[in-house]
Amino acid sequence: MVERRPGAAAPATETTVRSADWDSRDLGDEEHTRVLFTEVDMTEATSAAAVFTECVFRGVRFNVSSHADSAFLNCTFVRCSFFDATFTGCKLVGSRFDDCSHDLMKVGGGDWSFTGLPGADLRRADFADVRLREADLTGARLAGAPVRRCDLSGAWLHKADLSGCDLRGSVLPPLDPATVELRGAVVDPAQAVALVTALGLEVRS
């Protein structure tokens, strides 16, 4: 069993949206607080500056949806599908993903600090310029994924698979090859020096 950060309990919801067809819906700048969305189809939905606070999404399809400058704060996602979903400049601070699929999900910019993605299969996801401070990535599978120019300060990476992962430009916590799979990962020279130093090695000519 992978040791992971204790997660917060799912927020208590007050209203429910069940089995709704929101396919291609323009969410605009809608605001939703403590809503349970269950089996909702949000395929190809779009949002711009929408705010979801302490919401729970169960079995929701976000496939090919696009979200810009929107916020999903302290939300919980359970068995949701994010196939080819795009998040640009979004905030997901404190949110948690359980048993979700993330194939071809693209995240550009934004703040995903304290987000829980333990055990997530992110091999076909793409992260660039994302703030992932203290994110829970224990046991996450990122093999071969681009994680470029991201801030992973304080992130939990125990048992994470970063093999073949493009990490160039990212701020990394100290990585121990004994607990993180790094074989074939791509790093820049500054990161290489930091990794060598973290391992207690000396570089001499």
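**Terms and their grounds**

Author: A salt bridge joins the side chains of E30 and R25, with an N to O distance of 3.1 Å. The model is predicted: local features need pLDDT of at least 70, side-chain atom pairs count only at pLDDT 80 or more, and totals for chains, interfaces and linings use all residues. Residues are numbered from 1 along each chain as its sequence is written, and side-chain values use heavy atoms, with hydrogens and water left out.

Reader: Why is the pair of E30 and R25 called a salt bridge?

Author: The term requires a side-chain nitrogen of Lys or Arg within 4 Å of a carboxyl oxygen of Asp or Glu. The N to O distance for E30 and R25 is 3.1 Å, so the pair qualifies. Side chains of opposite charge can pair when their charged atoms come close. The structure holds 14 salt bridges.

Reader: Where is R25 found, and why is R25 called partly exposed?

Author: R25 is found in the loop between β1 (15-18) and β2 (26-28); strands are DSSP runs (E, at least two residues), numbered from the N terminus. Buried means under 20% relative accessible area, exposed over 50%, and partly exposed in between (1.4 Å probe, protein chains only). The value for R25 is 30%, and R25 is therefore partly exposed.

Reader: How do you know that D103 and R124 form a salt bridge, and which parts of the chain does the pair link?

Author: Their N to O distance is 3.6 Å, so the pair meets the criterion. The pair links distant parts of the chain, 21 residues apart: D103 lies in the loop between β12 (96-98) and β13, and R124 in the loop between β13 and β14. D103 is partly exposed at 29%, and R124 is partly exposed at 49%.

Reader: Is D166, which forms a salt bridge with R168, buried or exposed?

Author: The relative accessibility of D166 is 15%, so D166 counts as buried. R168, at 33%, counts as partly exposed. The closest N and O atoms of D166 and R168 are 2.8 Å apart.

Reader: Why is T115 called buried, and which residues is T115 in contact with?

Author: T115 has 0% relative accessibility and therefore counts as buried. T115 is placed in the loop between β13 (106-108) and β14 (126-128). Leaving aside neighbours within four places in sequence, its contacts (heavy atoms within 4.5 Å) are L92, V93, G94, S95, F97, A135 and D136. A polar atom of the T115 side chain lies 2.8 Å from the backbone oxygen of L92.

Reader: What makes V64 partly exposed, and where is the place of V64?

Author: The relative accessible area of V64 is 36%, so V64 is partly exposed. V64 is placed in the loop between β7 (56-58) and β8 (66-68).

Definitions and conventions. Helices (H or I, at least four residues) and strands (E, at least two) are DSSP runs, numbered from the N terminus. A polar contact is a pair of N or O atoms within 3.5 Å; within protein, one must be able to donate a hydrogen and the other to accept it, and residues adjacent in sequence count only if both atoms are side-chain atoms.
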